[in-house]
Amino acid sequence: MLVEVVEEQLSANRALEEALTAAVQRPAVATDIAFGGNVWVTAPTPSTTPKKDSQTGPLFNAVRRDYFAEEARNRSLGLAGELFVTELESRRLHAVGRKDLSKRVEHVAKTQGDGLGYDVLSFDADGTEKLIEVKTTSFDKFTPFYVTRNELARSNEDSPRFHLYRVFEFRDSPKVFDLPGKLTQHCHLDPATYLARVG
């Protein structure tokens, strides 16, 4: 019932709806990685993740507005997050003495296309490839995100090399956590849309 009341209030409050729309559609720009700042945080665990109420019914229908989907379609935000992770990985490898690998970090979503099931090719310090899918939000770490069929398949097929980097609070002070391996090990997936909830 709370969901219905909130939706009624949103539909009746044009100013609030416009503010939410502006927040999810606002263009983003690449963010500098602060020197000395640590952007890495621990990934949420099932014990720290807010539980989805199974009695609330489907999240999507013709009436409800899906702000998560609108933010996911914000190409400038997605691109800015991918560039942020590309730079982050390059600096990480440089810092551990692998300048050779640092130069080989590639934003494959740009150079090869976005159908590979991952966005950034990077490496571990021993030279093992890392296939990194980047999901970026301006909101907090519990914000749901969309996963494509390709991304899910890549996480299953190449689980030893696959990593999903969740970049959150991007516009204020970007932070990142890593979900390595199969996405099904970390996320609850809605099979209709693959709306992923961490934990």
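This is a tutorial dialogue on reading features of a predicted model.

Q: How many helices and strands are there in the protein, and what pattern do they follow along the sequence?
A: The model is predicted. The protein has seven helices and seven strands. Read along the sequence, the pattern is α-α-α-α-α-α-β-β-β-α-β-β-β-β.

Q: What share of the contacts comes from residues 24 or more positions apart?
A: Contact means heavy atoms within 4.5 Å. Among contacts with a separation of 6 or more, residues 24 or more positions apart account for 64%.

Q: How does the span of α4 agree with its number of residues?
A: At 1.5 Å a residue, the 21 residues of α4 should span 30 Å, and the end C-alpha atoms are 30 Å apart, so the two values agree. Just after α4, glycine 97 has a positive phi of about 85°.

Q: Which residues of α4 are buried?
A: An α-helix has 3.6 residues a turn, so residues three or four places apart point the same way. In α4 the buried residues are Leu77, Ala80, Gly81, Glu82, Phe84, Val85, Thr86, Leu88, Glu89, Ser90 and Leu93.

Q: Where is valine 120 found, and is it buried or exposed?
A: Valine 120 is in strand β1, residues 120–123. Because buried means under 20% relative accessible area, valine 120 counts as buried at 0%.

Q: What does valine 120 touch beyond its neighbours in sequence?
A: Leaving out residues up to four places away in sequence, valine 120 touches Glu82, Val85, Thr86, Val105, Glu106, His107, Val108, Lys130, Leu131, Ile132 and Val134. Among these, Glu82, Val85 and Thr86 are buried residues of α4. Separation in sequence and distance in space can be read together: valine 120 and leucine 83 are 37 residues apart in sequence, with their C-alpha atoms 8.9 Å apart.

Q: What polar contact does the side chain of serine 122 make?
A: A polar contact is a pair of N or O atoms within 3.5 Å. Serine 122 lies in strand β1 and is buried, with a relative accessible area of 0%. Its side chain makes a polar contact with the side chain of glutamate 89 at 2.6 Å. Leaving aside neighbours within four places in sequence, the contacts of serine 122 are Glu89, Arg92, Leu93, Val105, Thr128, Glu129, Lys130 and Ile132.

Q: How many salt bridges does the structure hold, and which residue pairs with lysine 130?
A: A salt bridge needs a side-chain nitrogen of Lys or Arg within 4 Å of a carboxyl oxygen of Asp or Glu. The structure holds ten salt bridges. In one of them, lysine 130 pairs with glutamate 89, with 3.6 Å between the closest N and O atoms. This pair links distant parts of the chain, lysine 130 being in strand β2 (residues 129–136) and glutamate 89 in helix α4 (residues 75–95), 41 residues apart. Lysine 130 and glutamate 89 are both buried.

Q: Which side chain meets that of lysine 135 in a salt bridge, and are the partners buried or exposed?
A: Lysine 135 forms a salt bridge with glutamate 133, at 3.5 Å from N to O. Lysine 135 counts as buried at 12% relative accessibility, and glutamate 133 is buried at 3%.

Q: Where is arginine 166 placed, and which backbone oxygens lie by its side chain?
A: Arginine 166 is in strand β4, residues 162–168, and is buried, with a relative accessible area of 2%. A polar atom of its side chain lies 2.7 Å from the backbone oxygen of threonine 143. The backbone oxygen of lysine 135 lies 3.4 Å from a polar atom of the arginine 166 side chain. Leaving aside neighbours within four places in sequence, arginine 166 is in contact with Lys135, Thr136, Thr137, Thr143, Pro144, Phe145, Lys175, Val176 and Phe177.

Methods
Residues numbered from 1 in each chain as written. Predicted model: local features only at pLDDT ≥ 70, side-chain atom pairs only at ≥ 80, totals over all residues. Heavy atoms only, no water. Helix = DSSP H or I, 4+ residues; strand = E, 2+ residues; numbered from the N terminus. Buried < 20%, exposed > 50% of the residue type's maximum accessible area, 1.4 Å probe, protein only. Polar contact = N/O pair within 3.5 Å; in protein donor to acceptor, adjacent residues only side chain to side chain. Expected span 1.5 Å × (residues − 1).
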